Amino acid sequence: MSNATVPPFIPAEHTAPWLDLLMAADSWMVRSIRTALESQSDRVDSLSLQAGSLWLDTSKQAWDLEVCQRLLALARAVRLPEGIEALFSGAEVNFTERRPALHMACRGGAEIPLSDRAQFTATEERLESFVTAFHAGALRGATGAPLDHVVNLGIGGSDLGPRLACEALSHLEPPRHGVRFVANLDPSDFTSTVRGLEAARTLFVVSSKSFSTAETLANLERARTWLAQELGTHETAAHFLAVTSNPGKAQALGFGPDRILWLPPWVGGRYSLWSAVGLPVALAFGWERFLELRAGARRMDEHFRTAPLERNLPVWLGVLGLWNASLLDVPSCAVLPYDQGLACFPAWLQQLEMESNGKRCRRDGSLVPYSTATVVWGMNGTLGQHAFHQLFYQGTRRITLEFIVPLPRPLDAGRRALAQHALAQAGALLLGRTRDEARAALRAQGLPPSEIEALAPHHEIPGNRPSSVLLTDGWDAGVLGELLAAHEHATFVRGWIWGIDPFDQYGVELGKELARTLAAGGTLADFDPSTRALAARLDAHR
């Protein structure tokens, strides 16, 4: 393993830039973003930047260049540049599990640890071989029929990454083979997903880092049962591939060594799309397209590692998120992709940020004395306009927004209209409507004065809603890779400054432990009275 070391932890609140930022935050709690835009002639240019195919405009956020510079000074004070180099050099940035976080190595953005190079290279060769054989019709099932449809069994990072990539790419080109996804423990998810599939031609990819994830193993058993019933045989091994860091467990559950693809232990689940976990993408669209996805992410890796902080897009995304969450105390971020193919993007980002940074304990064992991860949520922007944008316009909650607007080339009329909707929403949420403007609009409708006065408060919109707009120059697998990698690195930036480990998830593990206790019929003595009573009611339904 690498000899690289992690720089010592420096609490952000002990630095001089933090004190400056606290004072700036008090000011920006009440300042008008609209006024700042109108009074600062260079605001848009100074608060926008480009990296690769991504263009980020943060001029509608509740900050200015001075705040941005102070945040970058904070990043330097806590040694973020050294932290970035430690990340890419294979240092143990996953400090609780004492291992590196080198998902970038799967896409060529970092070096594979020397001790793992042979195994990684062999896995890559087998991956490509499986994909080539699948597309050639040479992978055959129990009956001898070629396997030509894929069902991915996984959950969390073993589901959201490949699911997002497959959905996004399917809106750009027809997949060469169909891929479906099962994640839920609910049996209806499996049943509805395999409905209409021909069992003899179906390949299951079972992805689990530990190969002990309850939901995935339950769906594995359902898949085996379904195949046995449909095919009339229990000899179904040819219909399965496993992706795991625990080959021994996979073999114990019936997978032959030739049906297991290695997932390096230094690749976290929610960062694993770039590894063999991304196999469904290659099976659906071809090995070349999967390499393009990786190549786009690799370009962002290079930018993140080498660009100065002042022009580093993931760093900007990272410190802006920290500014909103920790200093302006904005608890929620709505992510609004204006592209139907990115419908899963908010869920993917939700896991990335909230599972990575939804923590309170720092490297030195102290607790973070301010808010960390925001609550990330959202949906396709056009649909959201008719679902929850009302809360943005006139609600009482403090929310920041991130508009994602892919711009394919050429940009047809439909896509142009879609982008115009996104820009109009961001602009309207900033501008709002004053009471006098509401009165004027109602007056133009010919309403009597008494009704105008009664309705005007309901038509008033406060505005000043902070948002970022991220545009793409073109839209393909490579640009998608850039987009995902930028947010991965932004998550690392925030975790580093907060001093927490964005690569573990011990809170999730506790829930799994207690669920296993209930499932195994174990003692309920350690549970609270409410849970004991609910478990008894559940037992009564058996």
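**Notebook: two helix pairs and the annotated sites**

I looked up α8 against α9 and noted that the two helices are oblique to each other. The model I am working from is predicted. The axes of α8 (residues 187–194) and α9 (residues 214–231) cross at roughly 40° and come within 10 Å. I recorded the crossing of α8 past α9 as right-handed.

Next I listed the residues that touch. From α8 I have P187, F190 and V194, and from α9 N219, R222, A223 and W226. Sorted by class, this contact of α8 with α9 holds 5 nonpolar residues, 1 polar and 1 charged.

I then turned to α1 and α13. Helix α1 covers residues 16–28 and helix α13 residues 313–327; their axes come within 11 Å and cross at roughly 75°. On the α1 side I found W18, L21, L22, A24, A25 and W28, facing L322, W323, S326 and L327 of α13. I counted 9 nonpolar residues and 1 polar in the contact of α1 with α13, with no charged ones.

Last, I checked the UniProt record. The unreviewed entry puts "active site" at E355, H386 and K512.

Definitions and conventions. Residues are numbered from 1 along each chain as its sequence is written. This is a predicted model: local features need pLDDT of at least 70, side-chain atom pairs count only at pLDDT 80 or more; totals for chains, interfaces and linings use all residues. Side-chain values use heavy atoms; hydrogens and water are left out. Axes are lines fitted to C-alpha atoms, for helices over the stretch in contact, and angles run from 0 to 180 degrees between N-to-C directions. Helices (H or I, at least four residues) and strands (E, at least two) are DSSP runs, numbered from the N terminus. Angles under 35 degrees count as roughly parallel, over 145 as roughly antiparallel, 65 to 115 as roughly perpendicular and the rest as oblique. A crossing is left-handed if the near helix is turned anticlockwise from the far one by less than a right angle, and right-handed if clockwise. Contact means heavy atoms within 4.5 Å. Ala, Val, Leu, Ile, Met, Phe, Trp, Tyr, Cys and Pro count as nonpolar, Asp, Glu, Lys and Arg as charged, and the others, Gly among them, as polar. UniProt positions are given in the numbering used here, feature names are shortened, and annotations may be inferred rather than shown by experiment.
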